[in-house]
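Dear colleague,

I am passing on the structure we spoke about, and below it you will find my notes on what turned up when I went through it. Please read them with the structure open beside you.

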Amino acid sequence: MSPRRRDDGLMVPPVEFGSYYGRAVVKAPAWHHDIAAYLFTGGLAAGSALLAAGADLTGRPALRRAGRSTALGALLASTYFLVNDLGRPARFHHMLRVAKPSSPMSMGTWILSGFGAGAGVAAAAEAAPLLPQHGVLGLARRALPPLGTVGGLAAAATAPALATYTAVLLADTATPSWHEAYPDLPFVFAGSAMAAAGGAGMLLAPTAEAGPARRLALAGAAVDLAAARRVEHGMGLVSEPYRQGRAGAYLRGARSLTIAGAAGALLGGRSRVLSALSGLALMGASVLTRFGVFEAGIESAKDPRYTVVPQRERLGQRDGRTALEP
Amino acid sequence: MAGPNSLYGPLDPAPDAGYVDAPPRMGFFTDTSVCIGCKACEVACKEWNGVPDDGFNLLGMSYDNTGGLSANSWRAVAFIEQPMPREAAVTAAMTQQGTGTEPGAAPAPRPEPQFLGMPTTELPGRREGHDEPTDFRWLMMSNVCKHCTHAACLDVCPTGALLRTEFGTVVVQEDICNGCGYCISACPYGVIDQRKGDGRAWKCTLCYDRIGDGLMPACAQACPTQSIQYGELDELRLRAADRVATLHERGETSARLYGHDPDDGVGGDGAFFLLLDEPEVYGLPPDPVVTTRDLPAMWKRAGLAALAMGAATVVAFLGRS
Amino acid sequence: MGVRTWIEGWPVYRQLTGTDPLGRGAAARSPHTDALTPRTETADSVARSVCPYCAVGCGQRVFVKDGTVTQIEGDPDSPISRGRLCPKGSASKSLVTSDRRQRTVLYRRPYGPQWEPLDLDTAMDMIADRVVKTRAQTWQDRDDAGRPLNRTMGIASLGGATLDNEENYLIKKLFTALGAIQIENQARI
Amino acid sequence: MQDLVNADCIIIQGSNMAEAHPVGFQWVMEAKARGATVIHVDPRFTRTSAVSDDFLPIRAGSDIAFLGGVVNHILTRGLDFREYVLAYTNAATIVNANFKDTEDLDGLFSGYDDETHAYDTSTWQYEGHEEHGPGAAESHVARETAAAQQHESHGRPLPTQTLRDETLQHPRCVYQILKRHFARYTPEVVERVCGVSREDFATVCDAWTRNSGRDRTTALVYSVGWTQHSVGVQYIRTGAIIQLLLGNMGRPGGGVLALRGHASIQGSTDIPTLFNLLPGYLPMPHHEQHETYRQWVDAIRHPGQKGFWADAGAYCASLLKAYFGENATADNDWGYGFLPRITGDHGTYRTTLDMIDGKVKGYFLLGQNPAIGSAHGRAQRLGMANLDWLVVRDLYLIESATFWKDGPEVATGEIVPEDCRTEVFFLPAASHVEKEGTFTQTQRVLQWREKAVEPPEDCRSELWFFYQLGRLVRDKLAGSTLGRDRAVHALAWTYPVGGERHDEPSAEAVLREINGYDVETGEALPGYLQLKDDGSTACGCWIYSGVFADGVNQAARRKPGREQDLTAAEWGWAWPMNRRIMYNRASADPEGRPWSARKAYVWWDPDKGEWTGKDIPDFEKTKPPTYRPPEDATGPAALAGDDPFIQQGDGKGWLFAPGGLIDGPMPTHYEPVESPVRNPLYGQQANPTRKVYDRSDSLLNPAPPEPHAEVFPYVFSTSRLTEHHTAGGMSRQLAYLSELQPEMFIEVSPALADERGLAHLGWAHVVTARAAIEARVLVTERMRPLRVDDRMIHQVWLPYHFGFAGLVTGDAANDLIGIALDPNVLIQESKVGTCDVRPGRRPVGPALLGYLADYRRRAGLDNGHHAPLRTVPARHQGES
């Protein structure tokens with residue numbers, strides 16, 4: 001009965017490595033799914049702001065309106081998720097106590113604040129037509145559109161940073177499968193953001209104006225698929241969590257939806273319905289990608305193998321020993 | 001004043017954190033070769049810092065019923081029963097009670113809660129004659145926050161709640177922490193932890209209030225055998241080197257230092273150890289590296305991705321329709 | 001507070017103007033942190049005591065603030081313990097201040113289903129009555145051979161070994177005068 | 001304690017010092033750091049073993065065989081410290097011609113009486129002292145009254161002159177007798193009896209002897225792992241014999257260090273709350289032996305004997321003066337007539353059984369928890385459930401206060417609250433920081449505690465409780481003219497009171513009375529040498545006299561250790577006369593010179609003409625080494641200048657004890673009362689003079705040659721964890737300690753886990769004739785089966801801290817333990833017993849009673865059968 005005996009083979013655990021009663025070495029992230037959701041909404045906001053700005057400059061009012069409102073909605077959702085995930089939500093404003101370049105979250109807070117201001121003004125400008133012709137509000141009615149353009153451009157300027165800093169946010173941890181993925185994660189997130197925003201555009205804007213949205217979505221899908229593949233297969237042991245369990249399922253689902261959505265964007269551009277469906281698929285794909293990456297990281301932190309084995313190998317190479325020689 | 005080594009490499013952290021004429025860096029040297037596993041450190045710490053209990057769970061990990069460092073255990077004594085050196089300890093029960101982030105989860109559940117704590121070829125009952133006493137070891141180690149030279153928890157904290165003190169130690173400012181949880185996933189040792197119900201992050205402060213008043217940290221003051229030694233880090237490093245030499249002379253060749261080297265992945269620990277086996281056997285990472293070492297590279301990659309995104313957008317608007 | 005002090009209290013401002021641009025130390029300190037002082041420093045009084053657990057006799061320092069014990073730690077002056085304590089000794093403050101500690105008299109009447117509160121003086125008087133009564137009932141004056149016994153076999157006592165010498169002295173002195181001889185102690189166990 | 005750093009080798013046996021005395025253990029670790037060898041001998045691998053140089057697993061209850069082997073190793077190789085042995089021990093003394101050894105009588109010494117199961121010790125005496133040996137009847141009384149405890153401060157009385165053969169060749173000299181007695185304890189025998197390999201054993205013998213002599217010393221450390229046995233006193237005797245033979249007694253880094261387990265357990269015997277003793281180890285008067293004052297005093301001082309014990313008259317008179325003040329006069333023999341008399345065994349276990357029989361009406365529990373902390377817990381609880389009234393004074397609601405509503409017997413239906421008569425008073429006690437007073441720690445050092453705060457609400461000190469109780473009782477009896485109340489009236493019971501409530505008696509005043517004072521002037525006495533037998537001095541405890549010298553509370557001295565040498569003579573106060581190492585005259589050679597520079601401690605300074613050194617000399621300061629007493633001298637004057645053991649009747653260290661011990665002049669291996677094996681050495685299985693209570697509610701598991709021993713095939717032992725204290729009253733109530741060891745568990749070897757199908761962290765239950773308790777299983781290699789007589793003996797271990805009240809709870813290990821006592825001190829054998837171990841949880845409720853009844857039936861105990869004390873040739877030779 002005793003796994004202590006060598007003869008019954010149980011003596012040796014699956015991968016031979018030392019651990020303390022199999023307990024994790026690093027702590028699994030304490031973050032809840034708010035953060036996974038934020039990864040999506042943040043990306044969506046960023047991409048949409050870019051679309052809106054482009055539409056503004058190229059005279060696509062419907063696409064601009066869709067972009068600006070999506071950006072605002074996603075921004076508000078993001079803020080909610082971020083505050084809700086705090087252990088002490090009432091102290092949200094402490095985020096603005098310091099500005100730490102060494103903290104992606106601190107940088108992100110400032111980026112999000114800047115982006116929020118611009119996106120807010122831009123979205124407000126969409127309300128101009130509703131204002132009266134004359135009087136003080138009349139002035140506002142005439143002043144808002146140009147202000148909106150300025151705000152929109154400001155938001156667009158910070159948007160790429162907003163879409164990609166979240167990759168650094170995850171990578172700048174001791175969570176093995178996140179940290180090791182730092183070279184590719186930003187591209188996964190950028191691609192996912194473009195695809196999602198493009199999808200939103202396809203969903204909300206008339207097909208006549210949605211061309212840029214379709215092209216953005218296609219570009220995003222391509223980048224996303226390419227980068228995700230490197231993350232799921234290119235990092236040896238620590239890629240494993242991206243292929244296993246719930247994380248693996250999410251990411252496989254994401255891939256299928258991305259491909260489907262991209263196909264739709266490529267071929268179904270003329271059809272309002274197909275465009276809408278493809279848009280939804282791409283947004284869904286983006287959601288799944290973010291949750292998949294999030295889950296994979298947590299799993300990698302829970303099992304000491306992903307922490308100990310790579311470090312052993314590193315040591316092994318350094319002192320010219322084989323990694324697992326005890 | 002911040003310098004080239006602010007994120008990685010040898011560094012005296014207090015001046016780097018803006019302390020003009022800072023006092024000498026203080027730290028712990030935990031010599032596990034004289035630890036008797038009494039856990040006075042755990043209790044003395046809790047009495048002084050008013051840390052809540054960590055739940056009443058028999059873990060079956062030898063005499064370790066704490067299960068590792070957590071928001072409610074700032075010192076935790078590890079127990080490893082070994083028939084001989086360098087046999088890995090595997091599997092154990094998990095704490096059933098939520099008292100902060102789980103100190104760690106067991107791997108794939110095994111058929112029965114069988115003890116693999118001390119693998120051996122034969123059961124003693126079946127052994128012929130008698131085993132040499134030296135065949136069997138019972139290792140004990142009082143684990144604690146490492147107060148890294150390059151502290152990831154401190155680097156990533158977005159509120160400034162985590163603080164480098166003038167003594168070079170790292171503390172959480174409880175009036176500032178808003179429980180964002182970033183520090184928890186950043187720590188390469190799995191030390192700092194979020195307290196359930198409270199929401200904030202907690203860990204060893206090296207008794208900042210006491211040492212500021214010239215007192216010893218509670219755990220070091222209590223430690224009956226001076227397994228936990230407190231003092232100026234430079235002096236402790238010399239003492240530790242001597243101790244290893246002595247042990248090697250006496251044939252205790254498995255003795256080695258952990259976290260003492262300013263050139264290691266975290267720039268050296270403010271709390272370092274003398275171990276009698278590989279670090280992972282005690283639940284320590286064999287070669288920890290502060291995550292922020294790669295931060296510049298990360299920002300670079302993120303920048304590239306951002307540019308790509310901008311470019312893609314422009315391209316998307318070039319075409320007609 | 002004025003805008004100026006508010007601005008200067010803002011860590012970001014201190015980062016930009018001070019010695020800690022990365023905001024990891026000097027710039028990020030909070031008022032609470034600057035005000036930290038150990039309880040040992042603010043205590044009203046310190047009593048020099050001895051650990052109540054095992055027989056090593058480790059020295060303890062008992063810090064008191066506003067009439068309550070705020071900290072108990074090893075006494076570095078003790079040549080026996082040199083300021084160190086085991087987990088039990090380190091838990092002495094909990095032992096003394098725990099809210100699980102019973103601080104009032106409880107009484108269980110014969111055949112009673114539960115505890116009842118009782119006033120201390122009444123309890124003492126009742127106990128004295130029972131001592132007198134039991135002693136009278138069970139008194140043995142002489143043995144069969146007429147040799148003096150002067151005792152009662154109706155009253156017994158078992159003491160812990162955490163009693164002070166002075167306490168043991170009075171216990172033995174009183175019981176001896178009362179003729180109670182089954183007076184025992186953990187020392188037998 | 002600190003002196004351990006002077007040791008070159010430290011042998012720890014019968015003690016888990018690192019876990020039970022962690023802070024004291026710092027001195028062992030420091031000695032080790034300085035190069036000393038540390039060896040741990042114990043049934044299981046503990047936290048002490050973990051940091052020792054060598055660990056030897058030994059079968060519980062076989063220590064005398066092990067130590068006897070060491071004695072044999074020393075004597076057969078002549079490795080003893082001859083000069084020391086000749087001068088300072090009774091090795092050369094000639095013993096009575098009729099003395100017969102266990103080697104001759106198959107496990108019995110000469111003089112065994114089958115009626116009383118006690119020895120007539122006249123044949124054990126030195127040549128020419130025959131008339132001094134107590135007869136069997138007297139020895140019987142001595143056992144009943146645990147008389148050996150009187151000798152804690154000194155050996156048994158004995159005449160001055162003895163016949164000696166300085167060549168040690170005389171066949172009847174102690175040295176030769178000892179050599180013959182231990183000759184059979186060969187390494188092979190040690191291996192057979194203890195399960196210790198010859199190689200391991202050799203390392204210990206070698207380390208011990210190599211590190212003893214002029215230049216080196218070895219310290220021996222033990223705790224209740226030795227005392228709690230039916231042969232406990234002889235365990236310690238064997239250790240003492242080795243330390244005498246190797247010349248380690250009375251020297252720095254040497255000696256036998258008894259680690260006691262409670263803050264003032266030493267004080268509790270010095271100033272006893274024990275039935276058979278009065279303060280300072282004066283015997284409680286016995287109705288036959290001490291009918292008159294003169295008989296009492298003479299029985300102690302033994303007219304014409306050597307040493308300071310000869311002044312007993314002064315100690316006795318002064319104690320009675322302290323008790324009865326001016327009512328103690330020469331005419332009434334200082335009130336000796338007031339004292340109650342003992343008639344036999346009134347020990348705590350006897351008293352418990354008397355409670356069950358309804359003989360005891362009222363019971364005081366003062367910071368003690370017998371429901372969990374005493375052997376045979378069920379008997380304890382059933383006894384308390386049969387009282388008229390019970391007073392429990394403690395900090396927390398312990399099991400002994402709540403047994404009537406949530407004890408195990410309530411579950412089994414043996415105690416029904418509605419039918420339980422016992423009236424219970426729970427009075428909250430003051431904690432150690434809420435009162436002032438002295439503890440006496442394990443090295444006889446008294447340390448004064450200052451009061452930090454007033455006790456809260458109803459909490460009070462014992463000092464308060466007994467002072468006030470005394471006042472109330474005296475008031476209630478004030479009018480009485482009955483003879484029995486004279487002592488109460490006569491009692492000197494006035495003490496100054498203070499504290500916030502103005503009703504707390506002054507502990508300093510009591511300590512002053514303990515120290516003693518001049519009745520005329522009221523001046524505090526400087527020491528016991530000043531005590532008089534004419535009523536001019538009063539002294540509450542003669543050995544503590546000097547603690548208040550010069551009217552100063554010496555126990556309150558706190559000169560920091562770093563400002564003193566290692567002896568730290570100015571920290572607290574040690575009895576006697578602040579001596580830190582007893583018999584330290586032995587640290588110098590007969591001529592008074594240090595044995596070696598390295599081990600210099602106390603020596604004779606010819607120029608000053610006095611003894612001097614690092615400690616207070618435990619010798620008359622100005623008596624030169626050359627002093628030889630005149631023929632007719634008695635008392636201190638009869639001590640020669642080279643008689644270091646000044647409290648011994650002959651001034652020598654006893655390798656052979658002609659008296660004072662009930663079970664023999666030399667240690668002999670007897671099996672524990674409950675043992676799975678037949679005594680491999682003698683026909684006599686267990687201690688033939690042990691104390692047991694032959695009744696059906698105090699059963700003991702059968703041991704060979706009795707049949708059915710196989711029903712309880714395993715050996716169990718119980719002891720402490722660092723994280724808890726005794727019965728848990730001071731630890732299981734605290735979260736910070738409870739979380740560290742949160743559940744009752746049992747440690748078993750992987751082999752036994754296999755054999756019984758026990759799973760790590762699963763449940764198991766342990767069964768004895770008394771009880772069945774359950775615990776979680778810890779499978780660990782720290783438990784090792786041992787091969788004894790080619791048979792595998794499995795040992796299991798349990799902590800005894802758990803009970804049914806507190807933050808964490810569990811079954812009580814003490815419920816398993818039977819009542820079998822050491823004859824010398826009536827301490828129970830709780831360190832070893834036999835049991836059965838089964839997987840799963842125990843039955844609950846009434847089913848448990850049936851389960852136990854079945855075990856008793858199978859063990860042949862259902863008729864209340866007890867094994868005869870003297871082993872009869874077995875009818876059934878059934879056992880393997």
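A residue is called exposed when its relative accessible area is over 50%, buried when that area is under 20%, and partly exposed in between. By that cut-off V273(A), with a relative accessible area of 58%, is exposed. Please bear in mind throughout that this is a predicted model.

Chain B, overall and in its sheet. Chain B has eight helices and 10 strands, and of its 321 residues 70% count as buried. The chain exposes about 9,700 Å², of which carbon and sulfur atoms supply 57%. Where contacts in chain B link residues at least 6 apart in sequence, 69% of them join residues at least 24 apart.

Four strands of chain B make up an open sheet in the order 8-1-10-9, and their pairing is mixed. The edges are formed by strand 8 (228-232) and strand 9 (256-258) of chain B, each of which pairs on one side only, and neighbouring strands of this sheet are turned against each other by 25 degrees on average, with direction ignored. Within the sheet, strand 1 (residues 26-31) and strand 10 (residues 271-275) of chain B pair in the parallel sense over four bridges, and F28(B) stands opposite A271(B), a residue of strand 10 of chain B. Helix 7 of chain B (residues 233-249) lies across strand 1, strand 8, strand 9 and strand 10 of that chain, and helix 7 runs at about 135 degrees to strand 8 of chain B.

Salt bridges. Over all chains the structure holds 104 salt bridges. One of them is formed by the side chains of R82(C) and E30(D), at 2.6 Å from N to O. R82(C) lies in the loop between strand 3 (68-74) and helix 5 (87-90) of chain C, while E30(D) lies in helix 2 (residues 26-33) of chain D, so this pair joins two chains. R82(C) is partly exposed at a relative accessible area of 29%, and E30(D) is partly exposed at 22%. The side chain of E30(D) also meets that of R34(D) in a salt bridge, at 3.3 Å from N to O; R34(D) is exposed, with a relative accessible area of 56%.

Elsewhere in chain D, the side chains of D406(D) and K405(D) meet in a salt bridge of 3.7 Å, N to O, where D406(D) is partly exposed at 34% relative accessible area and K405(D) is partly exposed at 33%. In chain A, D56(A), R64(A), R65(A), R68(A) and E126(A) are joined into one network by salt bridges that share partners.

Methods: Residues are numbered from 1 along each chain as its sequence is written. Chains are lettered from A and ligands numbered from 1 in the order in which they are written. This is a predicted model: local features need pLDDT of at least 70, side-chain atom pairs count only at pLDDT 80 or more; totals for chains, interfaces and linings use all residues. Side-chain values use heavy atoms; hydrogens and water are left out. Buried means under 20% relative accessible area, exposed over 50%, partly exposed in between (1.4 Å probe, protein chains only). Two strands pair if DSSP finds at least two bridges between them. Axes are lines fitted to C-alpha atoms, for helices over the stretch in contact, and angles run from 0 to 180 degrees between N-to-C directions. Contact means heavy atoms within 4.5 Å. Accessible areas come from the Shrake-Rupley method with a 1.4 Å probe; for residues, only the protein chains shown count as cover. A salt bridge is a side-chain nitrogen of Lys or Arg within 4 Å of a carboxyl oxygen of Asp or Glu.
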